[in-house]
Amino acid sequence: MTGPVLSYLGETRLELGPLDGVEPTGNWRVATDAAGITWLGLDKAGSGTNTISEDVLRELADHVERIETKRPRAVVIRSTKSSGFAAGADIGGFSDLEAGGAEELLRQGHDVLDRIERLPCPTVAVIHGQALGGGFELALACDRRILITGGAVGFPEVRLGLHPGLGGTFRLTGLIDPTEAMSLMLTGKTAHAGKARKLGIVDVVTEERHVAAAVETFAQGDAPDRATGWKARAMNLKQGRQLAARQMRSKTAKQAPQDHFPAPHALIDLWEEYGDDPNAMQKAEIASFARLLEGDTAQNLIRVFFLNQSLKAAGRGDSGISRVHVTGAGPMGRDIAAWAAIKGHHVTLGDVDASALGAAVKSSRRTCEGAHLSPAQTRDALDRLMPDPRGYGVPRADLVIEAGPEDPDLKAKIHADLVARMKPNAILASNTSSLGLASLADALPSPQRFAGLHFFNPVPKMQLVEVVSHDRTDADVTDRLAAFCGTLGKLPARVRDYPGFLVNRALTPYLMEAMMLVDEGVDKETVDGAAIRFGMPMGPVTLADQIGLDICLHVAESLRANLDKPMAEIPGWLREKVDKGETGRKAGKGFYDWSQGTPEPGDAPEGPADLTDRLILPILDACVECLRRDVATDEDQVDGAMIFATGFAPFRGGPMHYARTRGTGEVKARLEALAEAHGNRFAPDDGWSSID
Ligand code: NAD
């Protein structure tokens with residue numbers, strides 16, 4: 001047998017080549033070992049990550065046909081790529097499909113997976129890294145699943161406005177407690193090793209070196225049968241499913257209203273109707289998937305997927321940054337430091353306040369837990385993170401991130417102290433959210449190596465980082481910072497120095513309009529409700545409480561002082577609230593009472609007819625202004641940045657896409673009407689006239 005070594009197999013080290021008589025298309029490596037077990041290694045051609053594309057499935061069908069006649073003792077399906085099992089279906093193929101085309105393609109895919117399921121010999125999927133979406137469905141078509149420690153499985157399709165479409169709906173609900181299966185599919189969450197084992201999704205969680213032995217056990221048919229739980233039996237009855245479906249619907253409606261997110265609701269319908277009949281469910285799954293794929297929500301969410309990819313691409317390259325020093329161990333600095341250490345950098349963290357460093361050490365352990373690190377990985381990450389009150393790390397750092405208090409004089413002092421000790425080629429980046437970079441740069445001997453690196457709160461969760469250049473920043477510096485963001489698994493948006501940069505410039509008018517509305521006597525719940533109905537992840541009043549009213553006030557004042565446009569008045573009572581210490585969630589009280597945890601949104605009266613436009617259109621207008629002023633590069637970047645930094649209604653495809661869907665002329669006219677009714681702050685930006 002010829003062909004490249006299936007290198008990821010580690011201990012197994014088989015020479016894998018194409019099976020006799022099968023045309024190799026480059027996506028699969030195949031070999032039968034001395035024990036008579038056939039190994040199918042997925043190695044998607046021309047890509048670092050496996051996806052389940054049309055050609056992958058077509059080629060798999062050829063291999064399965066061979067296996068059907070050759071009758072090996074067992075078949076193992078795994079990935080030969082170190083990046084993991086498979087990331088899901090090939091989404092690139094989705095956007096060009098017509099509904100009829102999608103159904104036909106899905107039927108072909110189902111046929112291959114059904115044939116794998118019907119093979120007379122034991123079939124085993126060996127999963128390292130992640131098996132998501134179509135990849136997970138391939139694994140579910142096998143009799144058994146072995147998960148390598150640290151791996152995970154999941155169905156993220158709902159995030160694309162879809163549900164599983166290659167048999168996942170009936171195979172997972174048939175394999176494990178169907179309510180748990182539905183919950184995984186409805187939330188799109190991944191199941192890490194412990195959960196996957198506990199739920200019975202995988203049969204074994206083990207280290208790579210034990211894979212061959214585990215496969216042999218399954219090949220001998222020694223593994224115990226799975227028991228069917230009482231819940232699964234109860235859910236075979238229509239009444240049982242109806243009851244469970246009702247609960248799922250009401251829970252889902254709160255998170256994902258049907259108008260905006262039809263997919264989870266379609267999934268519940270599917271299961272309720274056909275949960276006891278896999279064949280009928282299979283047919284219905286195909287039809288439902290194809291219908292969803294045609295809809296606006298899926299098309300916009302697929303667009304968001306590509307926006308994510310293009311921001312990710314901006315973070316490729318060699319940053320040349322390995323050692324990082326972070327100055328300021330407040331809520332931002334300590335999370336930035338912990339995250340950089342988790343991602344493999346050597347980090348020192350300085351602060352003038354020893355108690356802030358103590359708190360940082362504690363919080364970084366929690367950050368590791370939140371990132372699902374194993375105890376060994378946590379130990380390694382914490383070993384890479386050194387509290388450094390005297391700044392010994394500064395002269396060794398390739399990058400120094402300043403996350404000190406938002407005070408220009410204090411920042412200038414901190415910068416002066418740092419640059420005096422930094423090595424010649426190191427970069428200084430400030431996490432400031434509202435101070436002008438150009439004026440901070442004025443005080444520095446090498447302004448070309450100074451830029452903004454604006455992380456969002458909470459750092460581990462928020463994907464976007466603004467890489468902000470001022471007029472004198474070297475292009476090489478922003479390239480390196482963007483690549484550094486890539487090493488952190490973040491999405492860099494390269495923007496230019498401007499009051500509020502891009503994201504806060506666009507978000508602040510939305511938050512301030514919410515304050516104006518509350519000032520006019522509109523209930524805060526009414527204001528929040530309107531934004532949530534539009535599709536925001538939370539209302540602006542709740543968001544202001546989460547960010548911190550002091551921070552919002554500071555950013556709003558800074559924008560008012562620095563923009564040459566009228567902004568909403570800042571109500572006097574907002575300052576009083578901040579002065580009283582009612583700064584929002586962190587203080588236990590802001591607009592809402594946070595002392596018992598996150599407040600539940602209550603019912604609220606209807607608001608004024610133009611409420612939603614008053615909140616949302618200023619975001620669009622500020623985005624147009626940022627484009628006109630070259631703060632952002634293009635509309636896609638603006639859409640991606642606003643979605644990944646603020647959660648701007650993803651199913652609408654981003655603020656600029658929303659403006660285009662609604663009609664830019666209509667949005668401009670609406671802004672003019674709002675300006676007439678409520679004041680000049682709504683006057684449309686000049687940039688609308690250059691957007692066709
Ligand atoms: P913070 O004021 O809570 O913490 C700043 C830390 O810096 C404190 O621990 C303080 O002791 C320390 N410090 C003060 N003087 C110092 C000095 N001379 N040397 C070293 N450390 C010193 O601030 P934060 O909320 O963590 O924010 C830090 C920066 O990040 C600010 O510029 C802020 O605007 C920006 N930012 C904040 C958020 C947010 O939501 N908090 C979001 C994005 C960006």
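This is a predicted model: local features need pLDDT of at least 70, side-chain atom pairs count only at pLDDT 80 or more; totals for chains, interfaces and linings use all residues.
Which helices and strand each supply at least two residues of the shell around the ligand? Helix H14, helix H17 (408-419) and strand S15 do.

Residues are numbered from 1 along each chain as its sequence is written, and side-chain values use heavy atoms, with hydrogens and water left out.

**View 1. The shell around the ligand.** The ligand is surrounded by 23 residues, each with a heavy atom within 4 Å of it. Asp351, Glu406, Lys411, Asn431 and Ser433 are the closest. By class, 10 residues of the shell are nonpolar, nine are polar and four are charged. Here Ala, Val, Leu, Ile, Met, Phe, Trp, Tyr, Cys and Pro count as nonpolar, Asp, Glu, Lys and Arg as charged, and the others, Gly among them, as polar.

View 2. A polar contact is a pair of N or O atoms within 3.5 Å. Asn431 places a polar side-chain atom 2.8 Å from a ligand oxygen. A polar backbone atom of Met332 is 3.0 Å from an oxygen atom of the ligand. For Asn457, a polar side-chain atom lies 3.1 Å from a ligand oxygen. The ligand taken alone exposes 840 Å², and the protein buries 80% of that; accessible areas come from the Shrake-Rupley method with a 1.4 Å probe.

**View 3. The eight-stranded open sheet.** The strand order is S12-S11-S10-S13-S14-S15-S16-S17, with mixed pairing. Strands S12 (385-387) and S17 (491-496) are the edges, each pairing on one side only. From one strand to the next, the twist averages 25°. Helices (H or I, at least four residues) and strands (E, at least two) are DSSP runs, numbered from the N terminus. Two strands pair if DSSP finds at least two bridges between them.

**View 4. Strand S11 and helix H14.** Strand S11 (residues 346-350) runs parallel to S12, joined by three bridges. Thr348 stands opposite Met386 in S12. Helix H14 (residues 331-342) packs on the sheet, touching S10 (323-327), S11, S12, S13 (399-402) and S15 (450-455). Contact means heavy atoms within 4.5 Å. The direction of H14 makes about 165° with that of S11. Axes are lines fitted to C-alpha atoms, for helices over the stretch in contact, and angles run from 0 to 180 degrees between N-to-C directions.

**View 5. The three-stranded open sheet.** The order is S5-S7-S8, and the pairing is mixed. Strands S5 (130-132) and S8 (190-192) are the edges, each pairing on one side only. The twist averages 15° from one strand to the next. Strand S7 (residues 152-154) pairs with S8 in the antiparallel sense over three bridges. Val153 stands opposite Ala191 in S8. Helix H4 (residues 133-140) lies across S5 and S7, at about 95° to S5.

**View 6. Two backbone details.** Most residues other than glycine have a negative phi, and most peptide bonds are trans. The bond from Asn457 to Pro458 is cis, with omega near -5°. Pro458 lies in the loop between S15 and S16 (464-469). His372, not a glycine, has a positive phi of about 60°. His372 sits in the loop between H15 (354-370) and H16 (375-383).

Definitions and conventions: A polar contact is a pair of N or O atoms within 3.5 Å; within protein, one must be able to donate a hydrogen and the other to accept it, and residues adjacent in sequence count only if both atoms are side-chain atoms.
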